[in-house]
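Please look over the sequence and the model below before reading on.

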Amino acid sequence: MDVVTLRAVSTGLAEGQAPLKVVWAKEGVLLPQGEALDARLKGRLRQALKEAGLKAGESLLLYTEEGPVLLFGRGEDDRESGGRLAQALQRLAFPEALVEPLEDADALAEGLLLGAYRFDRLKTKREEKALTLLLPGVSEALLERARKVAEGVYLARDLVNEPPNLLTPEALAERALELRALGVEVEVLDEKAIAELGMGAFLAVAQGSENPPRFICLRYAPEGAKARLDLVGKGLTFDSGGYSLKPTESMATMKGDMAGAAAVLGAFKAVALLGLPVELRGYIAACENLVSGRAYRVGDVLKTLSGKTVEVMNTDAEGRLTLADALAYAEREGAERILELSTLTGAAVVALGEEVAALFATEPSWGERVREAAEKAGEKVWPMPLEKAYREKLKSPVADLKNVGDRYGGAIAAALFLAEFVQVPLVHLDIAGPAFARKAHALGPEGGTGFGVRTILKVAEAL
Ligand code: BES
Ligand code: ZN
Ligand code: ZN
């Protein structure tokens with residue numbers, strides 16, 4: 001799916017030829033290439049700006065002697081400005097445009113590609129409109145990187161947007177196997193193998209569904225890899241809540257409960273395309289949480305891969321059960337440090353809203369590295385405390401732990417639960433808020449956002 005194509009060109013905006021030229025404006029101020037075009041137009045652009053006054057994301061289409069010019073309102077963030085511009089251009093009929101580069105050309109290119117994303121695979125009537133954007137003075141290498149990053153984010157978004165009847169655990173594993181074409185080693189364990197390993201918590205969550213679970217292991221190890229990073233992603237292809245059933249409205253976005261897994265797969269794709277010199281491992285426990293005569297119950301006691309026992313006090317706190325086994329497995333396979341991403345708790349969304357992920361770290365320096373990477377990637381995360389005092393909340397009268405605490409501090413309790421299953425430094429990103437957008441935003445339409453892919457990439461690049 002190529003919704004938009006970016007091309008580097010050497011001639012500047014003023015001299016270049018295209019059916020449309022895009023000039024950025026902010027508070028009446030133009031950028032250098034826009035200035036040059038304005039000089040050729042004898043101040044026509046500046047005059048129009050004075051009269052119209054553009055806010056971020058607003059645009060003004062002028063028909064000049066140099067051809068059509070779109071004045072576009074630049075915001076604070078170059079990535080978001082690019083995203084808004086791509087969406088505006090998709091609404092116009094021009095097949096090609098020359099776009100003035102912004103200061104952060106990397107972010108602009110990423111924004112243009114991400115903003116143009118659509119998920120229309122399941123529509124019987126699709127709009128087949130191709131848009132080519134020419135970027136004067138931007139290097140081809142920069143665009144190539146942006147394309148690869150976007151490919152990873154697109155994959156993550158597609159997987160989240162796929163409906164749960166089509167993207168079953170087996171289908172998710174198939175999508176992982178497709179990464180073999182890029183040099184990623186992928187191994188998929190079936191129900192029997194999962195049982196033989198002793199992943200009793202993961203299996204319990206999976207047992208209510210006719211669709212069997214899959215445990216997906218990924219490895220990307222180019223020659224000369226200088227460091228290792230282990231990723232774990234929550235892979236619930238659908239979360240009904242189980243016997244602790246969710247109300248319909250809360251279930252509406254639960255096809256996206258595999259967004260952590262999607263981010264891991266998207267990151268593998270981008271890292272492999274970019275050929276980063278790092279060893280990447282990935283683990284995904286893929287299953288669905290359903291209700292049936294075979295489903296796990298409230299009160300069941302499960303034996304996890306780590307050996308610890310867990311009393312199920314809420315079948316809707318299923319993600320941490322599947323992750324407990326995936327994390328223990330990652331450690332068993334030699335992980336030195338783990339970055340785990342999951343749409344884990346509604347409490348994280350209550351605490352930080354829909355745009356900011358909660359970051360928990362069992363070791364401060366590892367947490368800080370991930371936080372910095374997220375900042376560089378333009379993904380919003382905020383550190384939260386792994387408050388040991390709340391460990392009490394997870395005490396069970398019959399097992400080592402129970403899977404839920406009380407009404408308060410739910411995101412922290414969930415993080416504390418995960419931390420019980422690993423010794424190596426762990427960062428847990430609760431992406432329940434930002435993984436799924438309820439409405440269109442600067443960087444894309446409603447639905448899966450691909451949150452996490454860009455952060456993982458920055459972490460991998462800084463290893
Ligand atoms: N998948 C949900 C968390 C979630 C909520 C993701 C909203 C995205 C948006 C998770 O499995 C869940 O249901 N968690 C429960 C935990 C509770 C029972 C302790 C929750 O947050 O309500
Ligand atoms: Zn749940
Ligand atoms: Zn869930």
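The report covers a sheet, its helices and a zinc site.

This is a predicted model, in which local features need pLDDT of at least 70, side-chain atom pairs count only at pLDDT 80 or more, and totals for chains, interfaces and linings use all residues. Residues are numbered from 1 along each chain as its sequence is written, chains are lettered from A and ligands numbered from 1 in the order in which they are written, and side-chain values use heavy atoms, without hydrogens and water.

An open sheet of eight strands has the order S8-S9-S11-S10-S14-S18-S15-S16, with mixed pairing. Strands are DSSP runs of E with at least two residues, helices runs of H or I with at least four, numbered from the N terminus; two strands pair if DSSP finds at least two bridges between them. S10 (residues 228-239) and S11 (residues 279-289) run parallel, joined by eleven bridges.

The zinc ion (ligand 2) has its protein donors at 2.0 to 2.2 Å: Asp239 (OD), Asp316 (O), Asp316 (OD) and Glu318 (OE). Donors are N, O and S atoms within 2.8 Å of the metal (3.2 Å for Na, K and Ca); water is not among the atoms, so sites may look incomplete. Aspartate 239 also coordinates the zinc ion (ligand 3), 3.2 Å from ligand 2. Aspartate 239 lies in strand S10 and aspartate 316 in the loop between strand S13 and helix H11, so the pair ties together parts 77 residues apart in sequence.

The table gives their accessibility; buried means under 20% relative accessible area, exposed over 50%, partly exposed in between (1.4 Å probe, protein chains only).

| Residue | Relative accessible area | Class |
|---|---|---|
| Aspartate 239 | 2% | buried |
| Aspartate 316 | 23% | partly exposed |
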